[in-house]
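Work through the exercises below with the sequence and the model at hand. Each task is followed by its solution in steps.

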Amino acid sequence: MNSEIITSLRWKKFSVLDHGFVCLVDVMGDDSAIVQAARVSYGDGTKKVSDDRTLLRYLMRHQHTTPFEMAEIKLLIRVPMDCWRQWIRHRTASVNEYSTRYSIALDCTYGTVPNAWRTQSEVNRQGSGDCLEPEVGQILTDNEQQFHQQARELYEQRIKQGVAREQARKDLLLSTYTEAYWKIDLHNLFRFLALRMEPHAQYEIVQYATTIGEQIIQPLFPNCWEAFLDYQLGSVRLSRLDQGVIARLAEHNALPATSQQFLEHQDPTWKTLERSRERDECYEKLQNLGLIKVSVQNSSTS
Ligand SMILES: Cc1cc2nc3c(=O)[nH]c(=O)nc-3n(C[C@H](O)[C@H](O)[C@H](O)COP(=O)(O)OP(=O)(O)OC[C@H]3O[C@@H](n4cnc5c(N)ncnc54)[C@H](O)[C@@H]3O)c2cc1C
């Protein structure tokens, strides 16, 4: 365990969004604690054939997950409530959250700057598209500021008039920040990071997950982090259908393929469908792998 790294990280607030942060409160274990746990199952022999890094990479590659549960981290986070709503779905963490029943809600909301208002994605019902024009964004930001102020005033009026905190809070905005202690083992943390660092996740939670990963986990668990990037975050899952498309394209010497060739050799079950999410996802995977020639998506694959 590198105590210097821990000392330098503990209680250091890494800023996220406008008023949010994550900070390390405590950590149990390091790369070698995970290796040590794994060697219980593989025995001393492992030491001879693989060094620690190789063993960790093997464990991550083959989803031998329990050794990663031997390490834990505890964070203090400040996060807007809408983002926290996604975060809290990761049930394998232990959580203790700031109580707005007991204390006055933080006077702190997540504001959006004029050039950061995102359009609804046309291809992903859960996602965002491009940013709106800054002139439109300015109006939205001005309105948002007024609305945040009104909501806070309403809350404070209620408190002043003697309304119980547990009731006064009911109209607090989802953009209000909350704080929580969040403790999780490394295996489940990597699952959280894999889901929340990937590009389709919501921008706000990506910022938190990336900060936790890059600022805290990378220095504390360098070999685990490297293996996570290589075998989880940076890996691509190819379904049997995806593999079939690649095999047919290769068989017809059509790699890299044009959009038209992709459509010709798509999975037979997608052919009759005007829209197919699975086909779109396959196209995107091939594109990311450099197996599609053009970057402009064919309309029937979008
Ligand atoms: C792109 C995306 C869209 C989403 N959309 C929605 C949505 O629309 N609505 C919504 O409600 N949620 C949504 N979620 C949340 C999602 O359904 C999961 O709750 C969340 O991602 C946490 O994943 P998890 O259950 O694997 O993690 P954890 O809760 O940390 O659990 C980790 C693992 O522990 C095991 N586990 C935990 N609890 C149980 C249990 N009770 N029984 C059996 N096994 C358990 C499972 O193997 C699980 O994979 C979305 C998530 C993503 C990434």
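**Exercise 1.** Find how many bridges join strand E4 to E7, and which residue stands opposite Glu97.

Solution. Strands here are DSSP runs of E with at least two residues, numbered from the N terminus. Two strands pair if DSSP finds at least two bridges between them. E4 (residues 94-97) and E7 run antiparallel and are joined by four bridges. Opposite Glu97 stands Ala180 of E7.

This is a predicted model, in which local features need pLDDT of at least 70, side-chain atom pairs count only at pLDDT 80 or more, and totals for chains, interfaces and linings use all residues. Residues are numbered from 1 along each chain as its sequence is written.

**Exercise 2.** Find how many bridges join E3 to E7, and the bridge partner of Arg78.

Solution. E3 covers residues 72-80 and E7 residues 177-185. The two strands run antiparallel, with nine bridges between them. Arg78 has Glu179 in E7 as its bridge partner.

**Exercise 3.** Describe the contact between domain 1 and domain 2.

Solution. By an automatic or database domain assignment, domain 1 is 3-101 + 175-233, domain 2 is 114-171 and domain 3 is 240-301. The centres of domain 1 and domain 2, taken over C-alpha atoms, are 30 Å apart. Contact means C-beta atoms, placed from the backbone, within 7 Å; by this rule five residues of domain 1 touch seven residues of domain 2. On the domain 1 side there are one nonpolar, three polar and one charged residues.

**Exercise 4.** List residues that surround the ligand.

Solution. The surrounding residues include Arg89, Arg91, Gln126 and Leu195. By class, the shell has one nonpolar, four polar and three charged residues.

Technical notes: Contact = placed C-beta atoms within 7 Å. Nonpolar A, V, L, I, M, F, W, Y, C, P; charged D, E, K, R; others polar. Near = placed C-beta within 6 Å.
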